[in-house]
Every structure is written in structure tokens, then in C-alpha cells.
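User: Let's go through this one together, please. I'll start with a side-chain contact and jump around from there.

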Amino acid sequence: MDISHPPAEGDEYTFARTFDHEDVREFGELSGDQQPIHTEPDELGRLTVQGLLTATLPTKIGGDLRYIARSMTFEFVEPVYTGERITCTVRLESVAERDGYYDVESAAVCTDEDDEVVLRGEIDGLIPTDAFSEAT
């Protein structure tokens, strides 16, 4: 991920991942979300990925950017299953430079292999200005 320049409105960052059964089981243990859809495979041998596990895709991008979220809103549009490659794109919708940080609003969209939206999100937060001075 290229973080060699300060954030600007319109910048986009992408990350893709395929969740497996072990990811779903570990997240279930950590979160306590042990619903049967997360523990018992369906007729195709898949588990349904927890919504908040899917939401780790935009948070991974945020971590790379040193983005400190103040608020996050997610809409879980379609289920995600183990074995599906999910691609997340975070777009910076607004960026305002403040004293020591950038005030950032962003939108996240996660899609499956058929390019169908599975998650939409809005994230409001800040990125320290030194996150980009260190990257150069």
C-alpha cells in the first residue's frame, strides 16, 4: 500500500482476503459469536463469516494508514462465506489538515468474487501527520 504522500480527498486503498474455517472459528471464540451458521458448514461445506470479521478488511487498511477511528458504521449487505475472495476499497471522502493530524472521512466497500457488494461502511477519524513523514 502506497502511503508515501499525505492523504488527499479521492485517495483509494484496496486490500483483498479469503477467510477460511479457522479464521471464522478463531473469531467466534474471541467474539463469542458461536451461532450455528459460523460453526456448522452448509451443504457446500462453507461457514458464514461473521459480519465484524468481514469488517476487519477496512480496519486493516486503516491500520496501514495509522487511521484512528472515532466512528464506524457498517451495513452488511450480503453474507460472506469461507473460500470467497473479498476485496475491500477504502476511499477518502474528505481530508482536512489540523494541528498534528488529518481529519478524515472515508467510505468502504467490500465486494465478493462476482463484484457484488457485501459490506458498505463509513469511517470518521484522524491520521497523525507524522504517519506520512515517517513513510517517506
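User: Which side chain does Arg66 meet in a polar contact?

Analyst: Asp130: a polar contact of 3.1 Å joins the two side chains. By polar contact I mean a pair of N or O atoms within 3.5 Å; within protein, one must be able to donate a hydrogen and the other to accept it, and residues adjacent in sequence count only if both atoms are side-chain atoms.

User: Ground rules before we go on?

Analyst: This is a predicted model, where local features need pLDDT of at least 70, side-chain atom pairs count only at pLDDT 80 or more, and totals for chains, interfaces and linings use all residues. Residues are numbered from 1 along each chain as its sequence is written, and side-chain values use heavy atoms, with hydrogens and water left out.

User: Back to Arg66, then. Where does Arg66 lie?

Analyst: In the loop between helix 4 (56-65) and strand 2 (68-76). Helices (H or I, at least four residues) and strands (E, at least two) are DSSP runs, numbered from the N terminus. The phi of Arg66 is near 60°, a positive value in a residue other than glycine.

User: Why does Arg66 count as partly exposed?

Analyst: Because the relative accessible area of Arg66 is 33%. Buried means under 20%, exposed over 50%, and partly exposed is in between (1.4 Å probe, protein chains only).

User: Now salt bridges. How many are there?

Analyst: The count comes to 10, taking a salt bridge as a side-chain nitrogen of Lys or Arg within 4 Å of a carboxyl oxygen of Asp or Glu.

User: Which partners does Arg91 have?

Analyst: Glu12 is one, with the closest N and O atoms 3.7 Å apart. That pair links distant parts of the chain, since Arg91 is in strand 3 (residues 85-97) and Glu12 in strand 1 (residues 12-18), 79 residues apart. Arg91 also forms a salt bridge with Glu93, at 3.2 Å between the closest N and O atoms. Arg91 is partly exposed at 31% relative accessible area, and Glu93 is partly exposed at 34%.

User: What about Asp103, which side chain does that one meet?

Analyst: Arg98, in a salt bridge of 3.8 Å, N to O. Salt bridges that share partners join Arg70, Arg98, Asp103 and Asp124 into one network.

User: Is Asp112 buried or exposed?

Analyst: Buried, yet without a salt bridge; the nearest side chain of opposite charge is Arg46, 8.7 Å away.

User: And what's the phi of Asp115?

Analyst: About 65°, positive although Asp115 is not a glycine. Asp115 is in that loop too and counts as exposed because its relative accessibility is 60%, whereas Glu116 is partly exposed at 43%.

User: Last one: where's Val117, and how far from Val77?

Analyst: Val117 lies in strand 5. Val117 and Val77 are 40 residues apart in sequence and 6.6 Å apart in space, C-alpha to C-alpha. With a relative accessible area of 22%, Val117 is partly exposed.

How values were computed. Lys and Arg count as positive and Asp and Glu as negative; His and the chain ends are not counted.
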